[in-house]
Amino acid sequence: MAEDVVAEIVASVLEVRVAEGQDIEVGDTLVLLESMKMEIPVLAEEPGTIDTIKVSVGDVIQAGDVIATFR
């Protein structure tokens, strides 16, 4: 069953550091966001494999938007 990684803030996507099919471990940086001139890493909270990446560099995302799904 896929689980969602959800944005907690309004931000711009600076970097996507994972690819679909990539295995992730707790603490891995999935994406790097920018908000109010601060860089905010989105970290994996559970191990798994990335199913889909829902954002691209330059996207502006809202709180609650899905960044990626993993299983």
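Colleague: Hi! How many bridges join strand 2 to strand 4?
Modeller: Hello! There are four bridges between strand 2 and strand 4, and the two strands run antiparallel. Keep in mind that this is a predicted model.

Colleague: Thanks! What is the bridge partner of Ser 12 in strand 4?
Modeller: Ser 12 has Glu 34 as its bridge partner there.

Colleague: Which backbone oxygen lies 3.1 Å from a polar atom of its side chain, I mean that of Ser 35?
Modeller: That is the backbone oxygen of Val 10. Leaving aside neighbours within four places in sequence, Ser 35 is in contact with Ile 9, Val 10, Ala 11 and Ile 40.

Colleague: New topic: which residues touch the most other members of the largest nonpolar core?
Modeller: They are Ile 24, Leu 30, Leu 33, Ile 61 and Ile 67, out of 17 residues in that core. The elements giving two or more residues to this core are strand 2 (11-16), strand 4 (29-35) and strand 8 (66-70). As background, nonpolar side chains in soluble globular proteins tend to be buried together.

Colleague: What is Leu 33 in contact with?
Modeller: If we skip neighbours within four places in sequence, the contacts of Leu 33 include Ala 11, Val 13, Ile 40 and Ile 61.

Colleague: Now Thr 49. Where does Thr 49 lie, in which strand?
Modeller: Thr 49 lies in strand 6 (residues 48-53). This residue is buried, since its relative accessible area is 15%.

Colleague: Which side chain does the side chain of Thr 49 join in a polar contact?
Modeller: The partner is the side chain of Asp 23, and the polar contact is 2.7 Å. Beyond neighbours within four places in sequence, Thr 49 is also in contact with other residues, among them Gly 21, Ile 24 and Phe 70.

Colleague: Last one! How much space lies in the largest pocket?
Modeller: About 300 Å³. The elements that give two or more residues to its lining are strand 1 (3-6), strand 4, strand 5 and strand 8. The pocket has 19 lining residues, and those nearest its centre are Val 5, Val 6, Val 42, Leu 43 and Glu 45.

Terms used
Residues numbered from 1 in each chain as written. Predicted model: local features only at pLDDT ≥ 70, side-chain atom pairs only at ≥ 80, totals over all residues. Heavy atoms only, no water. Buried < 20%, exposed > 50% of the residue type's maximum accessible area, 1.4 Å probe, protein only. Polar contact = N/O pair within 3.5 Å; in protein donor to acceptor, adjacent residues only side chain to side chain. Contact = heavy atoms within 4.5 Å. Core = buried A, V, L, I, M, F, W, Y, C linked by side-chain atoms within 4.5 Å. Pairing = 2+ DSSP bridges. 1 Å grid on protein atoms, 1.4 Å probe; cavity = no way out; pocket = protein on both sides within 12 Å on 5 of 7 lines; lining within 4 Å. Points joined across faces, edges and corners; volume = space filled by probe spheres on them.
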